[in-house]
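This briefing gathers computed features of one protein chain, grouped by topic, for a reader who has the coordinates at hand.

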Amino acid sequence: MCNLYSQTKSQDAMRQLFQDMPEPDEELIDTAGNLPPSPAIFPDYSAPIICRGEGKTWQLTTSRWGMPTPPVYLKNRRTDSGVTNIRNIGSSHWWRWLGIEHRCLVPFTSFSELDGRPGAPRNHPVWFAVGPKRPLAFFAGIRAEWTAVRKLKEGEITTEVFGFLTCAANAEVKPVHRDAMPVILTKPEEWRTWLTADTAEALKLQRPLPDGILQIVAEGERADPA
C-alpha cells in the first residue's frame, strides 16, 4: 500500500494545472493557506486536496490523510488512526463516500512503495513519478468530516479527512509492489469525470495507469530527494 508520497509543487502550479479542467463559469478557490513543499507525506499528515466548493466553485484546501476504519477492525481499540488506501469500493462502509460531494483530487509529485523485489534491502522505499521532473498528477480521492479519537493525546476531534483509491499494479509498479498501486489521474477529462460524473461512471477510473507512464525516480530515501 502507498503510505508515503510527496507534493513539492507550488499552489500556483496546482491552480494553473487545474485551469485545464473547469468550465468557463467555474472557479478554483484557494483556502489552503501557505503550503510549503512536502517531500514526505505520511499517514495522518495534513495535505492539499481539491474538492467541491459552494455553487460552481472548486476548493483547494487541506485535509488529514486517513479515512474512518471499518468498525470490524476497531474491536478493543481506543483510537482509529484511519485508512489511507481504499480498494474494496463495493463495501457498504465506503459506498457512502463515493458520491460527488465526497470525491476529491489529491495532488502529488511522486509516491513510494516498499521494495518487494528479490534481494531488496528491508524497508527500502522506491519512488515513482510521471517522469524525472515530477510533474503534478492526482490520486482519485474521497473525503469526509470525521469525529473520532485519532490519537489519545488529542482526544476526540472532528476533522476533514481523505484517502485515495487503489487498483491492480501496472508494469512499472508490479515488480516492486505486486498487489496494488494508487489510482492515478493525469488528464483533465479524467479529473472532471472523477469530480462530476455519476458514481458508476466515475468508478470506471479505478484502474491501473497505462504501462510506460511511471518511472522509478529515487530509491532508499524516506523523502523524495528531488
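Arg 103, Leu 105 and Pro 107 point one way from strand 7, Cys 104, Val 106 and Phe 108 point the other way, and all of them are buried, where buried means under 20% relative accessible area, exposed means over 50%, and partly exposed lies in between, with a 1.4 Å probe and protein chains only. The model is predicted, so local features need a pLDDT of at least 70 and side-chain atom pairs count only at pLDDT 80 or more, whereas totals for chains, interfaces and linings use all residues. Residues are numbered from 1 along each chain as its sequence is written, and side-chain values use heavy atoms, with hydrogens and water left out.

- Strand 7 covers residues 103-108 and is mostly covered, with 6 of its 6 residues buried; helices (H or I, at least four residues) and strands (E, at least two) are DSSP runs numbered from the N terminus.
- In a regular strand the side chains alternate between the two faces of the sheet.
- Strand 4 and strand 7 run antiparallel and are joined by 2 bridges, two strands being paired if DSSP finds at least two bridges between them.
- Strand 7 also pairs with strand 10, in the antiparallel sense and over 6 bridges.
- Leu 105 takes part on both sides, as the bridge partner of Ile 50 and as the residue that stands opposite Ala 140 in strand 10.

- An open sheet of 5 strands has the order 3-1-8-9-14 and antiparallel pairing.
- Strand 3 (38-41) and strand 14 (215-219) stand at the edges with a single partner strand each, so one side of each is left without a neighbour in the sheet.
- Neighbouring strands of this sheet are turned by 30° against each other on average, direction ignored; the axes are lines fitted to C-alpha atoms, for helices over the stretch in contact, and angles run from 0 to 180 degrees between N-to-C directions.
- Strand 1 (residues 5-7) pairs with strand 3 in the antiparallel sense over 2 bridges, and Tyr 5 has Ile 41 as its bridge partner in strand 3.

**Salt bridges**

- The count comes to 14 salt bridges, each defined as a side-chain nitrogen of Lys or Arg within 4 Å of a carboxyl oxygen of Asp or Glu.
- Arg 15 forms a salt bridge with Asp 30, with the closest N and O atoms 2.6 Å apart.
- Arg 15 lies in helix 1 (residues 11-18) and Asp 30 in strand 2 (residues 27-30), so this pair ties together parts that are 15 residues apart in sequence.
- Arg 15 is partly exposed at 29% relative accessibility, and Asp 30 is partly exposed with a relative accessible area of 29%.
- Asp 44 and Arg 64 meet through their side chains in a salt bridge of 2.9 Å, N to O.
- Asp 44 lies in the loop between strand 3 and strand 4 (46-52) and Arg 64 in strand 5 (residues 57-65), so the pair ties together parts that are 20 residues apart in sequence.
- Arg 150 also forms a salt bridge with Asp 44, the closest N and O atoms being 2.4 Å apart.
- This pair links distant parts of the chain, 106 residues apart, with Arg 150 in the loop between strand 10 (137-149) and strand 11 (156-167) and Asp 44 in the loop between strand 3 and strand 4.
- Arg 150 is buried with a relative accessible area of 3%, and Asp 44 is buried with 15%.
- Salt bridges that share partners join Asp 44, Arg 64, Arg 150, Lys 151 and Glu 154 into one network.

**The largest pocket**

- The largest pocket has a volume of about 250 Å³.
- A pocket is found on a 1 Å grid over the protein atoms alone, as an open set of points where a 1.4 Å probe fits, with protein on both sides within 12 Å along at least five of seven lines, and lining residues have an atom within 4 Å of a point.
- Of the 12 residues that line the largest pocket, Val 83, Asn 85, Ile 86, Arg 87 and Trp 94 are the closest to its centre.
- The lining divides into 7 nonpolar, 4 polar and 1 charged residues.

**Backbone angles in loops**

- Asn 123, in the loop between strand 8 (110-114) and strand 9 (125-129), has a positive phi of about 55° although it is not a glycine.
- Arg 134, in the loop between strand 9 and strand 10, has a positive phi near 55° and is buried, with a relative accessible area of 9%.

Notes: Points joined across faces, edges and corners; volume = space filled by probe spheres on them. Nonpolar A, V, L, I, M, F, W, Y, C, P; charged D, E, K, R; others polar.
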